[in-house]
Amino acid sequence: MIDDIFKVFGEQTGEILFEIIKDCMDDYLYIFDLQNNTFEISQSAVERFNMSKNVLTDAANEVMKVVYEEDRRMLAKHLADICEGRENVHNLHYRWLDKEGMPVWINSRGIVIIDQQGKAEYLVGCLNETGNKRRADNVTGLLGGPEFLAYLRGQKEPITKGFFMHVGIDDFGAINSSRGADYGNYILRSVAGCMKECLSDKQRIYHLVADQYVIVDLEASSAEDAVALKEKITDKLRNFIVAENYEAIFSISIGVIDAATFCEGTEECRKKFEFALKQAKSMGKNGFYIFDQDDYEVLLRKGRIIATLRNAIVNDYDGFEVYYQPIMDCQSEQIIGAEALMRFSMITEEGREFVSPMEFIPLLEETGLIIPAGRYILNEAAAMCCEMQKYIPDFRMNVNVSYVQILQGNVERDILDAIQKYSLQPECLCVEMTESGFMDMTPSFCKFRKTLDKNGIPFVIDDFGTGYSNLHCIRDMNPSYVKMDRDFTAKAMNSDRDYELYKNIIPMVHCINVRICAEGIEEKEWLLKMKEMKVDYLQGYYFGRPCGKEQFLQQYASGINVK
């Protein structure tokens, strides 16, 4: 048999066999040249583990970078024993790092090849994941993710057309929890069967994880082919649900990407593949989304901003600023306070970029970073209030609070600490919240409001007049005053119908002893109309745009209205 192999491959048998075998096995085949300190492993390992290439010339150091830190000393000692002749068999269980830097248990086995002088020359063997995923699924009867990748890698020509369809069952967990795992498996199997019946002989389906599947078409030439397949699958599943007498009512969401994306690398393809399904699910049940690069760029930008926000908070809030906008007494037109507004900028390749609050504040809330960032803004605002009271003794500072700060943090303690630290009267620090921030009277919010009332801290409803507005909100919240949304104000100043609505809200609010601040005042004529309607406070560009601390002090510290 060995002779036959040599006849086929000739003198380069070892090198050729290595190339053939490493592409024909799931494990990662390697050769470690111990004397020349070089290491070569199957190319597929580069796609799986934290390494940039499959040939390492400084092997002793480079291999260790892939190994989980806790296991490096053990491996180093074992390799030293092999080189010193104390070991001639390699069989270790330890951990390598994947692309995300997470440890993966592997079993590395090999034999030591000795040179003519009796010294260890090569370590040759294979490495496999101890917890490797199954290649097929017995529940659905479908092949799994590894076979999906093997199919794509097995294409003779680069993939230039077609699509991948990422399918997920909506709210599958609810089916499992209400009907049990056996019925859940029945649904997984049935959904797979329905989709298989809709496929052509050029399309393939694989079961990925849990309630997710992928359909592959490497021949389709347009997105319309994916849309047509989606309609067929939806109809088939609808008929299945009816045939089951509506025992389980469910839908699927589908994300579609261009199959040529695979040529960008498996990691980039995976990210776009998962992004497409996530976008489809974000549309609600039965969502369908075809990958759009502009949408993906938004996601990448979001990730960059979050990383920059986190880094800024760690580095003494570098990039955060507090801007202040004056709040005026309507009748006297004198400044009585200001609203503290969070601002943020970050360094990009083009220079410093100021990020819109509409963009970065939701990200702070989503990540929970609003808690430390909000605490920083609160203290800066309290310090500014203390500074302004040297010139205007009754000066008040309004600070915005997010529901996330109430639910996940202890913002009422932060407020009380800031009041004490800067020796402020409680009524001088006003807490603002938009109505969308407290749609429900949750225990956390009720506790927060009770603390404010108990300590005499004013509560202000911001953006009144938006889609969430209702008068019972004022009754339930019992605020010190409400701020009429700037867009609502602009509409009232430009429409007789909206003006009448605006004008009639004011006495209704006043009759329950709640004051009103009109936001968005931009013209003197608007100011005069607000005086006629007996609005209490005013805020807007007519009196001043938001500005930094030094500019605000320079402009308003005298306490004399520049108008």
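**Close-up views of a predicted model**

**View 1. Helix 4 on the sheet.** Helix 4 (residues 59-66) lies across strand 1, strand 2 (38-41), strand 3 and strand 4. Its direction is about 55° to strand 4. Helices (H or I, at least four residues) and strands (E, at least two) are DSSP runs, numbered from the N terminus. Axes are lines fitted to C-alpha atoms, for helices over the stretch in contact; angles run from 0 to 180 degrees between N-to-C directions. Contact means heavy atoms within 4.5 Å. This is a predicted model: local features need pLDDT of at least 70, side-chain atom pairs count only at pLDDT 80 or more, and totals for chains, interfaces and linings use all residues. Residues are numbered from 1 along each chain as its sequence is written, and side-chain values use heavy atoms, with hydrogens and water left out.

**View 2. Helix 5 on the sheet.** Helix 5 (residues 72-83) lies across strand 1, strand 4, strand 5 (103-114) and strand 6. It runs at about 155° to strand 4.

View 3. Six strands are arranged in the order 3-2-1-6-5-4, with antiparallel pairing. Strand 3 (55-56) and strand 4 (89-97) are the edges, each pairing on one side only. Two strands pair if DSSP finds at least two bridges between them. Strand 1 (residues 28-33) and strand 6 (residues 120-129) share six bridges in the antiparallel sense. Tyr-28 stands opposite Leu-127 in strand 6.

**View 4. Helix 8 against helix 9.** The axes of helix 8 (residues 181-197) and helix 9 (residues 223-243) come within 9 Å and cross at roughly 135°. The two helices are therefore oblique to each other (under 35 degrees is roughly parallel, over 145 roughly antiparallel, 65 to 115 roughly perpendicular, the rest oblique). Helix 8 contributes Tyr-186, Ile-187, Ser-190, Val-191, Cys-194, Met-195 and Glu-197 to the contact; helix 9 contributes Ile-233, Lys-236, Leu-237 and Phe-240. These residues divide into eight nonpolar, one polar and two charged (Ala, Val, Leu, Ile, Met, Phe, Trp, Tyr, Cys and Pro count as nonpolar, Asp, Glu, Lys and Arg as charged, the others, Gly among them, as polar).

**View 5. An aromatic pair, Phe-275 and Tyr-296**. The ring centres of Phe-275 and Tyr-296 are 5.3 Å apart and the planes are at 65°, so the pair is edge-to-face (centres within 6.5 Å; planes under 30 degrees apart are stacked, over 60 edge-to-face, the rest tilted). Phe-275 sits in helix 10 (residues 266-282) and Tyr-296 in helix 11 (residues 293-314), 21 residues apart.

Technical notes
Phe/Tyr/Trp six-rings, centres within 6.5 Å; stacked < 30°, edge-to-face > 60°.
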